Amino acid sequence: MYNMGLSLHSIGGIALVGVVFLNIFMLRIAKDLQKYKRLMSIFLLPLTATVIGLDIFTGVIMMAAKHLDFTIENIVMIAISVLLIVIEAKRAKSLKYINPNKDRALEAYKGYGIKLLYIEAAWVLVIFIWMWWI
């Protein structure tokens, strides 16, 4: 059971890496602000939240299986999970309040959004590499 939980948690980590890079790709190819806002609200934000939730849920199950034995790895993963939630909330909120009537509104958001997504990608890749190969 423990090995199955560990496998599910690893699959969730791989999915999280994929979703972050999907978000980067979709933002880079976006041409129309209204279409991107719709895509973000209907598809990308729920997908990202679901995958982050999957990782948090499987992490909680793994912590319960280890009788809540906190290690440095567990504390770092909890901190990164909270960081990812905060970054996604900031990114979604900033997109929500963009005025679509302003010229070059999407380009202004792209710089900010890409920066936040690269921060997410870096944190996810660092923790993923740390847990798999170190």
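Is Tyr-109 buried or exposed? I began my notebook with that one, and Tyr-109 turns out to be buried, at 3% relative accessibility. A reminder to myself before going on: this is a predicted model.

**Entry 1: the overall layout**

I looked up the secondary structure and found four helices and zero strands. Reading along the sequence, I get the pattern α-α-α-α. I then checked the extent of the C-alpha trace, which spans about 55 × 25 × 20 Å along its principal axes. The chain has 134 residues, and buried ones make up 36% of them. I also looked at contacts between residues at least 6 apart in sequence: 81% of these join residues at least 24 apart.

**Entry 2: the surface and the charges**

The chain exposes about 8400 Å², and I note that carbon and sulfur atoms supply 71% of that area. For the charges, I count 14 positive and 8 negative, with their mean positions 10 Å apart.

**Entry 3: the nonpolar core**

Which residues have the most contacts inside the largest nonpolar core? I find Leu-16, Tyr-36 and Leu-95, in a core of 26 residues. Helix 1 (2-29), helix 2 (33-65), helix 3 (72-96) and helix 4 (105-133) each give two or more residues to this core. The largest share, nine residues, comes from helix 4. A general point that I keep in mind here is that nonpolar side chains tend to be buried together in soluble globular proteins.

Leaving aside neighbours within four places in sequence, Leu-95 is in contact with Leu-33, Tyr-36, Lys-37, Met-40 and Tyr-109.

**Entry 4: the aromatic pair**

How many aromatic pairs are there? My count comes to one. The partners are Tyr-36 and Tyr-109, in a tilted arrangement with 6.2 Å centre to centre and 45 degrees between the planes. Tyr-36 belongs to helix 2 and Tyr-109 to helix 4, so the pair ties together parts that are 73 residues apart in sequence. I had already noted Tyr-109 as buried; Tyr-36 is buried too, with a relative accessible area of 2%.

**Entry 5: Arg-91**

Next I turned to a charged residue, Arg-91, which sits in helix 3. Is Arg-91 buried or exposed? I find it buried, at 0% relative accessibility. Leaving aside neighbours within four places in sequence, I list these contacts of Arg-91: Asn-23, Tyr-36, Met-40, Tyr-109, Gly-113, Leu-116, Leu-117 and Glu-120. Both tyrosines of the aromatic pair are therefore among the residues that Arg-91 contacts, and each of the two counts as buried. I also checked Arg-91 against Lys-110: they are 19 residues apart in sequence and 10 Å apart in space, C-alpha to C-alpha.

Last, I went through the loops with backbone angles in mind. Most residues other than glycine have a negative phi, which made me stop at two places.

- Leu-68 has a phi near 55 degrees, a positive value in a residue other than glycine. I find Leu-68 in the loop between helix 2 and helix 3, exposed, with a relative accessible area of 55%.
- Arg-104 has a phi near 60 degrees, again positive in a residue other than glycine. Its place is the loop between helix 3 and helix 4, and at 62% relative accessibility Arg-104 counts as exposed.

Terms used. Residues are numbered from 1 along each chain as its sequence is written. This is a predicted model: local features need pLDDT of at least 70, side-chain atom pairs count only at pLDDT 80 or more; totals for chains, interfaces and linings use all residues. Side-chain values use heavy atoms; hydrogens and water are left out. A nonpolar core is a set of buried Ala, Val, Leu, Ile, Met, Phe, Trp, Tyr and Cys residues joined through side-chain atoms within 4.5 Å. Buried means under 20% relative accessible area, exposed over 50%, partly exposed in between (1.4 Å probe, protein chains only). Contact means heavy atoms within 4.5 Å. Rings of Phe, Tyr and Trp (its six-membered ring) pair if their centres lie within 6.5 Å; planes under 30 degrees apart count as stacked, over 60 as edge-to-face and the rest as tilted. Accessible areas come from the Shrake-Rupley method with a 1.4 Å probe; for residues, only the protein chains shown count as cover. Lys and Arg count as positive and Asp and Glu as negative; His and the chain ends are not counted. The place of a charge is taken as NZ of Lys, CZ of Arg, CG of Asp or CD of Glu.
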